[in-house]
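This report looks at one protein model, beginning with a single residue and then widening to the whole chain. Please keep the structure open while reading.

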Amino acid sequence: MATVPLPTAYGEFEAHAFECASRFVYLALVKGTIGTEGPVLTRLHSECLTGDALGSLRCDCGTQLRLALRTIAAEGRGVLVYATGHEGRGAGLIDKLRAYVEQDSGADTLDANLRLGLPVDSRTYDHAAAVLAMLGVGSVRLLTNNPAKVSGLEAAGIRVAQVEPIPTAAHSRNHRYLATKERRLDHHQPAGAKLNGASAEVADVSALLGRIRPHRDRPHVVLKYAQTLDGRIATASGDSKWISGEGERSISHALRAACDGVLVGIGTVEQDDPRLTVRMVPGASPVRFVLDSTLRISPSAQILDEDASTIVLTTERSALDRREALRACQVGVRILPAGPGGVDIAAALEVLHCGGVRSLLVEGGAKVITSILAAGFADRVIVGMAPTIIGAGTEAVGDLGSARIADGVRLTNRCLHAMADDLLVAWDVERQA
Ligand SMILES: NC(=O)c1ccc[n+]([C@@H]2O[C@H](COP(=O)([O-])OP(=O)(O)OC[C@H]3O[C@@H](n4cnc5c(N)ncnc54)[C@H](OP(=O)(O)O)[C@@H]3O)[C@@H](O)[C@H]2O)c1
């Protein structure tokens, strides 16, 4: 129906629009020359308004879409066919949202459709195959985890020379959905390979993360830090780059991708200038939170960049003009009561909860970790232990007032994982009486 160049963040594609009898549009984004040089890298993407356009974390669609465009652009030759009739596995947007309601009351993604009297999957692939044929694509390397797309295209006459899986780092909100797709629809490891000590491009970190159990008035809080064997998270001068190896750090990124929010103190922002986005694995970045009672954060801090949302939690002790300057850059500022360490930690967690944060990854530094442990708000602790001993330095945890070993914070349900020379250990924090 129309052909036009479409410049995107991933480079320019040639967009070809096709309309089928049902009035659904198939939009093919073509990169490079299709020619005859062997199978074409191809993604057949089912429309998902909530995931693709709005960034919903109930599914993996948006991340897969962006990853596929990036992969095709990197290859310099390929096609992404965007199928608008495929919303909600063919159920349409409204019924997909109704199925979400069913999922929230316990049904998995298949049973939710069945409860509503809908087919589990009503998509067909003959139109997509016709589009590919019209573009001159006879055989493909298909970017998919879904075996039904492979058999559907083949049945419609497109040869699938190779299947290239497209796993994403699961979010705690979509992990169950991905597990159901793997278990009941035979999808190939949509959340990546199980942790096995080797660096997989995408590793399923759900065992380390444990079960997310949000509370009535605060998120589920996971403390995560990397330490030397002698329990330091930085040298005495504050250097912490890098304590652990690349594999351990990519697991940290997958943990970030799994959580609604990530929180650090202003000390870490000043010392390390972290971005706290998800870059080492395909996944969505969480909302970033900074505890900073006087707003000493530098306007050029990387955590304020546009790659993800940021909210600074401060107190009445911060200057009005600094608050306004941050707000003018689309950074959220919340004024909270002061507490022992700076911002009152209970009030901070309650504000996050009210904003919809159900899982929070706390990535330091020492003062914030100590405040959260001291207040009894930690639900899980994940420690990356690196084979280095540095002697005096910044301790991971400060004074918790434990006079006896028995006074210590008790940890249970250990999960242990070796990643190259590092060890990752995770435990649940035993509920304090
Ligand atoms: N190895 C790792 O995994 C890792 C991770 C992160 C950081 N680090 C290292 O840790 C060091 C930074 O640790 P840090 O202890 O100095 O900084 P921090 O814990 O990141 O920040 C502490 C500051 O946050 C503010 N704050 C506000 N409310 C707070 C509360 N309720 N509890 C605690 N702090 C609160 C306080 O400043 P105001 O009073 O001004 O608000 C406080 O001084 C750096 O050397 C960094 O490299 C290591």
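Leaving aside residues up to four places away in sequence, Val81 touches Tyr26, Ala28, Leu44, His45, Ala128, Val131 and Leu132, where two residues are in contact if their C-beta atoms, placed from the backbone, lie within 7 Å. This is a predicted model, in which local features need pLDDT of at least 70 and side-chain atom pairs count only at pLDDT 80 or more, while totals for chains, interfaces and linings use all residues. Residues are numbered from 1 along each chain as its sequence is written.

Val81 also belongs to the largest nonpolar core, which has 105 residues, and together with Ala128, Val290 and Val362 it touches the most other members. Such a core is a set of buried Ala, Val, Leu, Ile, Met, Phe, Trp, Tyr and Cys residues joined through C-beta atoms within 7 Å; buried means that 20 or more other C-beta atoms lie within 10 Å of a residue's own, exposed that 12 or fewer do, and partly exposed is in between. Helix α2 (residues 61–75) gives the most to this core, with six residues.

**Met385**

Met385 lies in strand β19, which covers residues 380–386; helices (H or I, at least four residues) and strands (E, at least two) are DSSP runs, numbered from the N terminus. Because it has 19 C-beta neighbours inside 10 Å, Met385 counts as partly exposed. The C-alpha atoms of Met385 and Gln227 are separated by 5.2 Å, although these residues are 158 residues apart along the chain.

**The whole protein**

The protein has 13 helices and 22 strands, and 44% of its 433 residues count as buried.
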